Amino acid sequence: MKFMKLGSKPDAFQTDGNSVRYISSELATDVIVNVGDVKFHLHKFPLLSKSNKLQKIVSKSNGETPEELSLADFPGGPKAFEICAKFCYGITVTLNPYNVVAGRCAAEYLEMTEEIERGNLVLKIEIFLNSSILRNWKDSIIVLQTAKSLLPWSENLKIVGRCIDSIASKTSVDPTLITWSYTYNRKLASLGKNILPNGVKCPKDWWAEDICELDIDLYKRVMVAIKSKGRMDGAVIGEALKTYAVRWLPDSVDALLSEVHVLRNKCLVETIICLLPSDKGISCACSFLLKLLKVAIFIGADDSSREDLIRSIGLKLDEASVEDLLVPARPPQVGIYDIDLVQLLVDRFVENEKSDVDLKISGKNCKNDGDFVLGSGPWMKVGKVIDGYLAAIANDPNLSSSSFIKLSQSIPDSARPIHDGLYTAIDVYLKEHKSITKSEKKSLCGLIDVKKLTTDACMHAAQNEHLPLRMVVQVLFFEQVKAAAAGTHQTLKNDNDVAVPSRNSEANWGKTAPENRKSLRKQMDEVKIKEDEILKNGKLSKRGHKNRGSGPQLLPSRSRRIFDKLWIVGKGFGINGENKSSETSGSSQSPTSMFRGEIKSSGSSSRNRRHSIS
């Protein structure tokens with residue numbers, strides 16, 4: 001910290017109580033100067049020799065001794081006046097970043113300029129400011145902080161503007177050329193942790209923590225000046241704004257909404273939002289933008305600020321996490337979390353992605369086939385995050401199935417190569433909302449493509465008592481088809497023929513369906529039925545013909561009836577396992593009727609129960 005000493009005489013000022021200051025001298029004082037609630041008993045000659053203001057006041061007085069003068073609205077108060085008085089007497093006074101602004105404003109008020117005497121206080125303080133204070137990083141910040149209490153004097157004297165320009169200029173310096181001290185993660189450094197990458201002496205955002213000490217209005221002016229220079233990367237600006245928000249925004253909701261600080265917090269959030277980089281916030285971390293949005297909603301920030309945040313988040317929703325999206329609902333919403341807000345964010349993301357694809361297509365003069373998601377990394381990430389979000393909010397008892405379905409359907413099918421996450425979310429929802437109608441349950445389960453479930457998910461679904469039986473049968477059916485297709489693929493490979501195409505291709509599925517059916521029939525014909533076990537236990541026994549470690553499973557009678565309807569392959573069979581025909585063809589054999597004689601279970605036989613293993 002820089003400082004400057006003026007004068008050489010010892011301090012002769014003394015105090016009589018809390019409101020009287022006087023100069024110890026053999027000569028009697030002949031003037032009383034009132035500054036605030038303090039009376040200064042001084043001598044006219046040293047004061048008038050350096051202050052044009054006091055000369056004017058004394059010249060208008062009636063000549064009484066001692067004269068009493070009152071200096072109304074004196075900048076800096078009694079302490080600032082004492083600096084000027086000591087300078088007039090030649091008493092040693094020390095100027096530093098904490099009192100230099102007050103001394104400069106007081107000297108201006110008293111008109112202690114070169115016209116009155118050469119080497120007066122105004123000139124000396126200006127030299128100190130320009131040659132020392134404004135050249136020092138931390139001193140400039142301190143002076144700017146103290147200048148706020150001395151407005152409008154400090155503003156009119158351009159002290160505020162000069163400090164802001166000095167700070168902004170220093171932030172634009174190449175980090176490799178930084179030689180002055182700065183604050184950077186002081187807490188981590190005090191713990192002895194390595195806070196910078198190896199070989200890096202100074203980070204790009206080295207200045208962010210130091211300017212966090214500024215009040216929001218001065219901070220805004222500094223950040224505007226930094227951005228106006230055009231040398232700062234948007235990501236660094238975003239990191240600086242995040243640092244300031246963490247420094248000043250409280251962690252708890254109660255403290256955030258307290259009557260004492262709610263207006264200040266609202267102003268702070270709205271200011272940070274308006275300071276986001278000109279690239280619409282895409283340089284900022286998505287998690288920071290979402291946290292800022294949460295606070296903006298809590299404190300009731302203006303609509304334009306929230307809309308700006310939503311627009312910025314919609315550009316980079318693929319960087320969000322499930323925890324970031326868990327925004328608590330606010331009245332009049334009845335749910336735990338604000339699903340409507342997430343729906344809006346997803347819609348914005350969809351709009352942005354589609355517009356980007358349209359621009360690329362128009363630039364290449366090619367036709368859009370509608371599959372703009374396939375192979376898109378951002379889309380895959382958003383699909384995974386939304387499935388995780390649905391699973392996180394599925395246990396909300398007030399979450400409607402319509403909102404759940406709408407948000408799920410906002411993500412295109414090609415953004416979900418695997419449906420395990422969606423299945424998990426629906427499973428949680430069905431467990432929590434047991435009173436939903438069959439129609440709602442059917443709509444929810446219709447979102448799942450059983451062909452996109454992994455083996456583990458299929459095993460879970462096959463024993464999930466919350467799922468409709470039709471879906472369970474579909475899961476088992478496609479598992480059998482997959483096993484059969486795998487066996488056929490291995491056989492053809494051994495014969496050096498063309499391998500069976502992937503089951504994920506709908507076109508190839510139609511071609512391989514007859515072979516799959518024959519393979520299944522062959523496997524199930526080899527299953528031996530023990531009639532005595534059927535009569536005793538009321539269910540079909542399971543005995544496997546091993547094909548790559550798995551074999552066909554025979555279902556309970558209720559399952560068989562639905563399984564029979566799903567068996568028709570190539571006759572109106574849908575890609576999601578639904579039979580599009582109005583009736584099941586009587587000429588087609590089902591997997592449960594291909595035995596040596598139809599076995600009828602006793603009516604009193606207990607049905608297999610499916611237990612959830614979730």
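Reader: Which residues in H18 meet Phe404, Leu407 and Ser408 in H19?

Author: Bear in mind that this is a predicted model. H18 covers residues 377–393 and H19 covers residues 401–409, and their axes come within 10 Å. On the H19 side the contact uses Phe404, Leu407 and Ser408, and the H18 residues they meet are Ile386, Tyr389 and Leu390.

Reader: Is H18 roughly parallel or antiparallel to H19?

Author: The two axes cross at roughly 170°, and the crossing is left-handed. Angles over 145 degrees count as roughly antiparallel. So H18 and H19 are roughly antiparallel.

Reader: Moving along to H20 and H21, at roughly what angle do their axes cross?

Author: H20 is residues 420–432 and H21 is residues 438–445. H20 runs roughly antiparallel to H21, which means the angle has to be over 145 degrees. The crossing is left-handed, and its angle is roughly 165°.

Reader: How many charged residues are in the contact of H20 with H21?

Author: Ile426, Tyr429 and Leu430 of H20 meet Lys441, Leu444 and Cys445 of H21. By class, five of these residues are nonpolar and no polar ones take part.

Reader: Where does threonine 454 sit, and which residues does it contact beyond its neighbours within four places in sequence?

Author: Threonine 454 is in the loop between H21 and helix H22 (455–462). Its relative accessible area is 30%, so it counts as partly exposed. Its C-alpha lies 8.0 Å from that of histidine 419, although the two are 35 residues apart along the chain. Leaving aside neighbours within four places, threonine 454 contacts Ile418 and Asp420.

Reader: How many of the residues of helix H4 are buried?

Author: H4 spans residues 100–109, and its buried residues include Val100, Gly103, Arg104 and Tyr109. They pack against several helices, among them H2 (52–59), H3 (77–89) and H8 (159–171). H4 is largely enclosed by the rest of the structure because its buried residues number nine of the 10.

Reader: Which residue just after H4 takes a positive phi?

Author: Tyr109 is one of the buried residues of H4. Just after this helix, phi is about 55°, and the residue that takes it is glutamate 111.

Reader: Is lysine 44 buried or exposed?

Author: Lysine 44 belongs to helix H1 (residues 44–48). Not counting residues up to four places away in sequence, it touches Asp30, Val31, Val58 and Glu67. Its relative accessibility is 18%, and the cut-off is under 20%, so lysine 44 counts as buried.

Methods
Residues numbered from 1 in each chain as written. Predicted model: local features only at pLDDT ≥ 70, side-chain atom pairs only at ≥ 80, totals over all residues. Heavy atoms only, no water. Axes fitted to C-alpha atoms, helices over the stretch in contact; angles between N-to-C directions. Helix = DSSP H or I, 4+ residues; strand = E, 2+ residues; numbered from the N terminus. Parallel < 35°, antiparallel > 145°, perpendicular 65-115°, else oblique. Left-handed = near helix turned anticlockwise from the far one by under 90°. Contact = heavy atoms within 4.5 Å. Nonpolar A, V, L, I, M, F, W, Y, C, P; charged D, E, K, R; others polar. Buried < 20%, exposed > 50% of the residue type's maximum accessible area, 1.4 Å probe, protein only.
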